[in-house]
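Work through the two exercises below with the sequence and the structure in view, and try each task before reading its solution.

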Amino acid sequence: KGEGLIEICSGWGSDHRGTWFNDKYTLEIVFMEHLVAVVPFEVGLGYTEGVTQAVLPTTSTLIAPGMIPEEETLDDLMANLDAMIGLESIKVKIREYTQYLSFLKLRQEKGFEDPQRINLHAVFTGNPGTGKTTVAKMLGKIYHKMGLLSKGHVHEVGRAELVGEFIGQTAPKVKEAIKKASGGILFIDEAYAMVRSKEDFKDYGREVIEILIKEMSDGVNGLAVLVAGYPDEMETFLESNPGLKSRFNMHYDFPDYLPQELQKIALYSAEKRTVKLTEEAKTYLSEKLVETYRNRDRSFGNARLVNSLIDEAKMNMGLRVMKAEDVSLLTEEDLSLIMLEDVEKIYGEKKKRQAEIPIDEDLLQKSISELNLMVGLGNVKLEIHELVKLVKFYREIGKDVMNTFSLHSVFTGNPGTGKTTVARILARIFKALGILEKGHIVEVDRGALVGGFVGQTAIKTGERLDEAVGGVLFIDEAYALSTGGINDFGKEAVETILKRMEDKRGEFIVIAAGYPDNMKSFLEANPGLKSRFDKLFHFEDYSPVDLWEICAQMLSEENIRPDYEAELHLKEYFVFRHKGKDKFFGNARTVRKVVEEAVKNQHLRLASMPADQRTEEILHVLSLDDVREFGPENEDLISKGQNRIGFSLPSTSDKKDKLANGEQAI
């Protein structure tokens, strides 16, 4: 019935040399066991893009000769560029540069000898979906029409197409890509992936850059190299080789589309898909696009996001209309009109099936008892007890705990104040309350989250986050993620964590820990951090009494008790250590070092005694000799792990105080 176009997408073999012999071939198209067409083609040494015409098998008549598109003029191409939605700054820059290229070409034709060669190489920076690939294809056509490129096609590649796995593989791959792009544009997307860490000089991506620099300098004029990627990463890429930045004459920065431009793209996308939106659907989608734009980050999809929304709305429309009792009665309007409900369904709350886990009273009481047995931490214990009461109350009245308030927390305090231990207990408490399914804890630091090259950080961080689902992600020294400067990969780790906290709300809890001052700077480094962490627990340094209690507990675990003199000496020592503490004071860690050293001294003392003198009582008693080394004169025995430089002397006021108390001033 009438004439139609059938498009067949298929392939055989590969584009690698050796798959085909250089010769003339024919492709036979068979439909229902009948030969319907023959497509002649030739395999040679070069690469040619175009449309091979099919012919009828008996008459050799060209099929659909009118399908060959009419040649576009330069004005047509510029008009197509102007017709693109948004990108006004890009359009102006391209128009101005093409005019300048025309000027240089005219000078050449008039016999001027310019030392400056015509340079078509460019850098495209911007987030995904901002039109970089589309503009690259338009530039190829424009440069071809201007006579600057013989073909004007775009050959798109990434790291995988350029970098080999073994020595000697990279150079042939790069040269092959350059050959395919000859006469057109070599478009390298995510070009920054060629550069890993500055220290990784064995990475073959650097070989790609060296070959490109040589080709851009000495190669044939009929090649334009366009590199694209995120702004910050592309700056790192350009700085990776001294000769790279000077090879790129033009730099195009593709901004995110504005909400009104995203709305126009949505309507254009709908038209291309032969569907329309009702006014209510348009209004609703516009509001959602504004909201998405306000909350965007570097992964914001721009036009790609909008296209996916229209595709999803079209699918929702299809599912809706196919519920009709008699689909044969559906009109063209029924089959092409996207309603409000079709768009609302996209943003509808995806209610996660929530397991009704009863409160495990045994585990809860055991965990709380463990918390209560910890020395000190009065304010932390109080806040956790109040939190448990609130959660139990919300569970009783059927309120959604995870969506009522955030349980993501910040622990601030000096080393050895119990932050990690409390985090482990808190994870078990949340499990007992039915908030967390597993209640396990994944302990990480910067090294476990940040990668050594572009793209690795998001993967490493994502893996740790996946591990933490159903439990707690505990980030020790979290401030280290925001102290590396503008181009530091720690920022990427923070952004990945924030996004997952929002996308997987209620599925896991994040606890970030570190020194008080450093954690304050960490929270201020990213606007999204403060809003995500709304619970703050501050862990005070232990008092001398607390330090002695911790020491007594640790000795008890070793089945050892100090005698009177040893106990008195240790108490005096902890007073001395507490008085001279700074922000690097180890608190319970310092106590553990003391206990380990004292137990070792006791064992050495017992080992030197005759076996018949080691009574059961002596085996479990710590004497003064075992702890005598802990004092002001031997402070380095405990503080030797604190990496201090130099020494300090007591102040004049300290000397006067000691003399007043009848002590000898040192």
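Contact here means heavy atoms within 4.5 Å. The model is predicted, so that local features need pLDDT of at least 70 and side-chain atom pairs count only at pLDDT 80 or more, while totals for chains, interfaces and linings use all residues. Residues are numbered from 1 along each chain as its sequence is written, and side-chain values use heavy atoms, with hydrogens and water left out.

**Exercise 1.** Describe how helix α13 and helix α15 cross, and which residues meet.

*Solution.* Begin with the elements: helices (H or I, at least four residues) and strands (E, at least two) are DSSP runs, numbered from the N terminus. The axes (lines fitted to C-alpha atoms over the stretch in contact, with angles from 0 to 180 degrees between N-to-C directions) of α13, residues 378-396, and α15, residues 419-432, come within 12 Å and cross at roughly 10 degrees. Because angles under 35 degrees count as roughly parallel, α13 is roughly parallel to α15. Next, look at the residues: V380, I384, L387 and V388 of α13 meet V422, L426, I429 and F430 of α15.

**Exercise 2.** Give the strand order of the open sheet, and find its edges.

*Solution.* Two strands pair if DSSP finds at least two bridges between them. In the open sheet, 5 strands follow the order β4-β5-β6-β3-β7 with parallel pairing. The edge strands, each pairing on one side only, are β4 (154-157) and β7 (250-254).

Methods. Angles under 35 degrees count as roughly parallel, over 145 as roughly antiparallel, 65 to 115 as roughly perpendicular and the rest as oblique.
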